[in-house]
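Let us take a friendly walk through a protein model. Keep the structure in view as you read, and look up each part as it comes along.

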Amino acid sequence: MAAPQGDFVITSSPALRPAAAVGLALAACLGAAPSVTATAAPTAFKSGAGLDRYYGQRPGWGSCAKGPDDSMGRDLDKAGVRCADVSVPLDYADPGGRTITVAISRLKATDTRHRIGSILLNNGGPGGRALQSPPEFRTWMKQAGPRYDVIGFDPRFVGRSTPLDCGWPVGTNLFSAGLSRASFERQVTFQKGLAAKCRATNASVLPHVNTRNTARDMDVIRSALGERTISYFGYSYGTYLGTVYTQMFPGRTDRMVLDGAVDPYKYGPRLLQDTVGENERALADWATWAAARNDTYGLGSTRAQVLATVDHVIKTSARGPLTVGTAPDTFQLDDTQVPFVLLAGVDSDTDTSRAALGEQMSVLNKAAAGQPTRLSPQFAETLRLTTSGEQSHHGSVQSAVICGDRAAPRDPEVYWRDIERTRAAYPRFGALTNNISPCAFWDRPREEPTQVTRDAKLLIVSATGDPRTPHKGAVALHGLLPSSKLLTLKGANRHAVYGMYGNVCVDNKVNHYLVTGKLPAEDQICSK
């Protein structure tokens, strides 16, 4: 739910990469940011129950660079961004107990005469970073940018905040169940093992890794910044986080934009179930595009032929893993991993994103024929996510948040029945979106899921063909928040629109709201 290709699932971590694509979130650049001092912050809402020392802190802003090899930190410094740590309780029910840190960054307003306030950014995930986002995000804000302090943060246990890593052998738990009962049984064992690794390494922390605690951290950040209210921009999973914040801390938001919105009652370990149709349609649209470029990719000259090639690759990988790449980047992919490549590749309908998937499928098709292949750096990075533990921390945090937010069914047969039921209608993604996950083996969440009972004035942005967080989820959220307005981009298979997709209509309408604070009188529609 984003590095070279984006944050995944609930995600995209859009601002993690240069303006290019949204796909798999690959976190990087771990480290510690400057600490806070205990001096009092400017007047802000307080929250009692022993939390005053957190709400009353003031960030000790300093350099973002953590050393000579920290290129991200140096880039932030050059852009005028300053970084700090905010101290928060691990357990808000025990504020006198263990503390952890949340890394934040700030690009101060330059039009101080017309300053509006602070805007806090979240790039989705869960597990997406935003510490690095303020410079790029400000350019997207156009005339609104100079009037805001743009605030990035790495949520608890992400990036430069206090870390969490379960020591997984992979960087994601997103795998297909494969084509057989035997491959599903292997997935049950594998996913159970991932959960066991987290319990063995982080048992004391896991109960406190959830969205409600991240929302509480956001309110501490708001107070530490000296703001009575704070503006917010959330992509993908960040829309759920923003929604939760409005319910837990009513009256503390100014301007809020939720892009790629999640239906809060669909969010949870089985969220991908709700996306299977959108992903199959996005893949079919890509197949039409690839068929028109058969001379380049060699996948077929019609949509049906391209999809048949995709199916052939999956079936071949089920008989024996495909070997792709050349040393040192050589990978073995089976039918539990190939669908992940497809899922990662259809989150945007730009020519750049479609070409990337075309190149990747061309490689896999050659591998299925036993031919040698070479990988682009981007494809190699994607495959490392599913085959190595380099990004274990990303998968660990993403699963910990989702599993900590809502309980999942325990019985593997529930998943198997859903897989079998959807195979015919959704042959490439049914076994992935319905697969079992570590959440089936997780301890039950400490808190109940947030109920949306309070109205909130905010702007929801959604593309009609969004394959990650379907448009119907944005419509549902809009219905739960009657004072919200829905900005729809018609005809686009795109997850996360503002700033990255290049749609002038969407960007202008969002920026007008950020400048004026006035929602449109009616819902708005833009075209691709």
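The torsion about the S-S bond of cysteine 403 and cysteine 439 is about -85°, so this disulfide is left-handed. The two sulfur atoms lie 2.0 Å from each other, and a disulfide here is a pair of cysteine sulfur atoms within 2.5 Å. In general terms, a disulfide is a covalent bond between the sulfur atoms of two cysteines. Cysteine 403 sits in helix H13 (residues 392-405), while cysteine 439 belongs to the loop between helix H15 (430-433) and strand E9 (459-463), so the link joins distant parts of the chain, 36 residues apart. Helices (H or I, at least four residues) and strands (E, at least two) are DSSP runs, numbered from the N terminus. Cysteine 403 and cysteine 439 are both buried. Buried stands for under 20% relative accessible area, exposed for over 50%, and partly exposed for the range in between, with a 1.4 Å probe and protein chains only.

Before going further, please note that this is a predicted model, in which local features need pLDDT of at least 70 and side-chain atom pairs count only at pLDDT 80 or more, while totals for chains, interfaces and linings use all residues. Residues are numbered from 1 along each chain as its sequence is written, and side-chain values use heavy atoms, with hydrogens and water left out.

How many disulfides does the structure hold? There are four, and, with bonded cysteines counted along the chain, they follow the pattern 1-2, 3-4, 5-6, 7-8. Three of them are set out here.

| Disulfide | S to S | Torsion about S-S | Handedness |
|---|---|---|---|
| Cysteine 166 and cysteine 198 | 2.1 Å | about 105° | right-handed |
| Cysteine 403 and cysteine 439 | 2.0 Å | about -85° | left-handed |
| Cysteine 505 and cysteine 526 | 2.0 Å | -70° | left-handed |

The disulfide of cysteine 505 and cysteine 526 is left-handed. Cysteine 505 lies in helix H17 (residues 504-516) and cysteine 526 in strand E11 (residues 524-527), so the pair ties together parts that are 21 residues apart in sequence. Are these two cysteines buried or partly exposed? Cysteine 505 counts as partly exposed because its relative accessibility is 28%, whereas cysteine 526, at 1%, counts as buried.

Now for cysteine 166 and cysteine 198, whose disulfide is right-handed. Cysteine 166 is in the loop between strand E4 (148-154) and helix H4 (181-202), and cysteine 198 is in helix H4, so parts 32 residues apart in sequence are tied together. Both cysteine 166 and cysteine 198 are buried.

Next comes the sheet. Nine strands form an open sheet with mixed pairing, in the order E1-E2-E4-E3-E5-E6-E9-E10-E11. Two strands pair if DSSP finds at least two bridges between them. Strand E1 (82-89) and E11 are the edge strands, each pairing on one side only. From one strand to the next, the twist averages 20°. Strand E3 (residues 117-122) and E4 run parallel and are joined by five bridges; in one of these strands, E4, tyrosine 148 is the bridge partner of glycine 117. Helix H6 packs on the sheet and touches E3, E4, strand E5 (230-235) and strand E6 (253-259), with its direction at about 145° to that of E5. Such angles run from 0 to 180 degrees between N-to-C directions, using axes fitted to C-alpha atoms, for helices over the stretch in contact.

What about the nonpolar core? Such a core is a set of buried Ala, Val, Leu, Ile, Met, Phe, Trp, Tyr and Cys residues joined through side-chain atoms within 4.5 Å. The largest has 73 residues, of which Leu120, Phe153, Phe157, Leu164, Phe184 and Ile221 touch the most other members. Helix H6 (residues 237-248) gives the most to this core, with six residues. Isoleucine 221 has contacts (heavy atoms within 4.5 Å) with Val86, Val102, Ile104, Leu120 and Phe153, leaving aside residues up to four places away in sequence. A second, separate core has 41 residues, including Leu333 and Ala355.
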